[in-house]
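This briefing is for a reader who is new to the structure. Please look at the sequence and the model first, then read the notes below them.

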Amino acid sequence: MRYWVSAVLFTTLLVGGCQPASTELSDAQRADITSQVNEAVGGLFGALNVHDPDQILSHYLDSDDFAYVGTMSILVSREALASVVASYHSRHPEVTFTHRIVHTQVVSPTVAVVFSEGGSSDAEHLVWTHVLVRGEDGRWVVAYEHEAWPNAEPLSRHPGM
């Protein structure tokens with residue numbers, strides 16, 4: 001199971017982008033999943049603005065299989081993410097984040113991708129790709145996240161590192 005995040009990302013972006021979404025779901029089921037996933041992403045951004053690392057991390061897959069890809073940095077495992085989240089939010093409690101969901105793609109009953117854009121008081125324009133999975137408890141959590149600063153000078157590392 002070590003490489004399932006890469007498989008999900010490949011399937012979602014390359015294969016999923018070229019084919020219609022899974023037909024095993026009705027339109028009503030797809031709409032329900034879309035609503036749940038969008039709510040989960042909204043909860044993540046709400047937690048980012050509270051600056052409580054535990055609340056933020058509750059929105060991410062608690063696994064070594066979690067992956068974060070920034071403009072110039074990669075974090076693998078929730079433990080690696082936890083150290084960056086704690087450091088960044090303790091040093092920048094004044095930063096606020098905004099987001100707007102651009103598109104949600106339901107891949108299957110347990111996988112969805114959310115594309116959003118927004119910003120923060122640190123970065124004017126940010127874009128995110130979140131691959132969410134539904135856990136056994138029914139909660140949607142982020143298993144893979146890509147964050148980019150398209151209008152910024154490239155950084156050697158994530159600003160929280």
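Two strands count as paired if DSSP finds at least two bridges between them. In this predicted model, 6 strands form an open sheet with mixed pairing. Their order across the sheet is β2-β1-β6-β5-β4-β3.

- The edge strands are β2 (74–76) and β3 (97–108).
- Each of these two has a single partner strand, so one of its sides is left without a neighbour in the sheet.
- On average, neighbouring strands of the sheet are turned by 15° against each other, direction ignored.

**Pairing of β3 and β4**
- Strands of a sheet pair through backbone hydrogen bonds, either parallel or antiparallel.
- For β3 and strand β4 (residues 111–120), the pairing is antiparallel and runs over 10 bridges.
- Phe97 has Ser120 in β4 as its bridge partner.

**Helices on the sheet**
- Helix α2 (residues 27–50) packs on the sheet and touches β3, β4, β5 (126–134) and β6 (140–148).
- The direction of α2 makes about 150° with that of β3.
- Helix α4 (residues 78–91) also packs on the sheet, where it touches β2 and β3.
- The direction of α4 makes about 125° with that of β2.

**Val131**
- Strand β5 contains Val131.
- The relative accessible area of Val131 is 2%; residues under 20% count as buried, so Val131 is buried.
- Val131 and Glu145 are 14 residues apart along the chain, and their C-alpha atoms are separated by 6.4 Å.

Definitions and conventions:
Residues are numbered from 1 along each chain as its sequence is written. This is a predicted model: local features need pLDDT of at least 70, side-chain atom pairs count only at pLDDT 80 or more; totals for chains, interfaces and linings use all residues. Side-chain values use heavy atoms; hydrogens and water are left out. Helices (H or I, at least four residues) and strands (E, at least two) are DSSP runs, numbered from the N terminus. Axes are lines fitted to C-alpha atoms, for helices over the stretch in contact, and angles run from 0 to 180 degrees between N-to-C directions. Contact means heavy atoms within 4.5 Å. Buried means under 20% relative accessible area, exposed over 50%, partly exposed in between (1.4 Å probe, protein chains only).
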